[in-house]
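I set out below what I looked up in one protein model.

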Amino acid sequence: MLVDPAYTSQTCHACTHVDPKNRKSQAVFACTVCGHQDHADVNAAKNILNAAGHAVSGRGDLGTGRSVKRQPPATRTRPGRSPRAARTAGIPVP
C-alpha cells in the first residue's frame, strides 16, 4: 500500500496541525499548537502508519465487517456432468 509522504514531517501526530514551523530541525519535532514533541522521523512515521490504516482497499471500501481472507470463486461443472465425473477429468470441484 502506498501512502503519500507529503507533509507527514510537518503534521503533528497528536493534533494533526500542519505547519512548517513544527519541524524545528532535522531531528526535532515540536508542535506550535499543542506542544507535542517527538523525534521528527518518528512523528512522520506515526503519521504514515495512521494514513495506511485509513487507506481505501482495492475493493473500494474499508473492508469493515468482511473477512480479510478471500476464497477463490467456485468452479462450475458443465451441465449434465456430475461432480464425480468432473473430478476424474481433472477439473477442480468445490
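**Entry 1. Basis.** I worked from a predicted model, in which local features need pLDDT of at least 70, side-chain atom pairs count only at pLDDT 80 or more, and totals for chains, interfaces and linings use all residues. Residues are numbered from 1 along each chain as its sequence is written, and side-chain values use heavy atoms, with hydrogens and water left out.

**Entry 2. Whole chain.** I took helices (H or I, at least four residues) and strands (E, at least two) as DSSP runs, numbered from the N terminus. The protein chain holds two helices and two strands, and their order along the sequence is β-β-α-α. I counted a residue as buried under 20% relative accessible area, exposed over 50%, and partly exposed in between (1.4 Å probe, protein chains only). On that scale, 16% of the 94 residues are buried. I computed accessible areas by the Shrake-Rupley method with a 1.4 Å probe; for residues, only the protein chains shown count as cover. The accessible surface of the chain is about 7300 Å², and carbon and sulfur atoms account for 56% of this surface. For contacts I required heavy atoms within 4.5 Å. Among contacts between residues at least 6 apart in sequence, 22% join residues at least 24 apart.

**Entry 3. Cysteines.** I searched the whole structure for disulfides, meaning pairs of cysteine sulfur atoms within 2.5 Å, and found zero.

**Entry 4. Thr8.** I located Thr8 in the segment before strand E1 (28-30). Its relative accessibility is 12%, so Thr8 counts as buried. A polar atom of the Thr8 side chain lies 2.8 Å from the backbone oxygen of Pro5. Apart from neighbours within four places in sequence, Thr8 touches Asn43, Ala44, Asn47 and Ile48.

**Entry 5. Asp38.** I then turned to Asp38, in strand E2 (residues 37-39). I defined a polar contact as a pair of N or O atoms within 3.5 Å; within protein, one must be able to donate a hydrogen and the other to accept it, and residues adjacent in sequence count only if both atoms are side-chain atoms. The side chains of Asp38 and Lys46 form such a contact at 3.0 Å. Beyond four places in sequence, the contacts of Asp38 are Ala27, Val28, Phe29, Asn43 and Lys46.

**Entry 6. Helix H1.** Which residues of H1 are buried? They are Ala40, Asn43, Ala44 and Asn47. Seen down the axis of H1, these buried residues fall within an arc of 95° (taken from the directions from the helix axis to the C-beta atoms), so they line one face of the helix. The buried residues pack against E1 and E2, while Leu49 and Gly53 are exposed on the other side of H1. I also checked the length: the expected span is 1.5 Å times one less than the number of residues. For the 14 residues of H1 this gives 20 Å, in agreement with the 20 Å between its end C-alpha atoms.

**Entry 7. Gly53.** I placed Gly53 in helix H1 (residues 40-53), with a relative accessible area of 58%. Val3 is 50 residues away along the chain, and the C-alpha atoms of Gly53 and Val3 are 10.0 Å apart.
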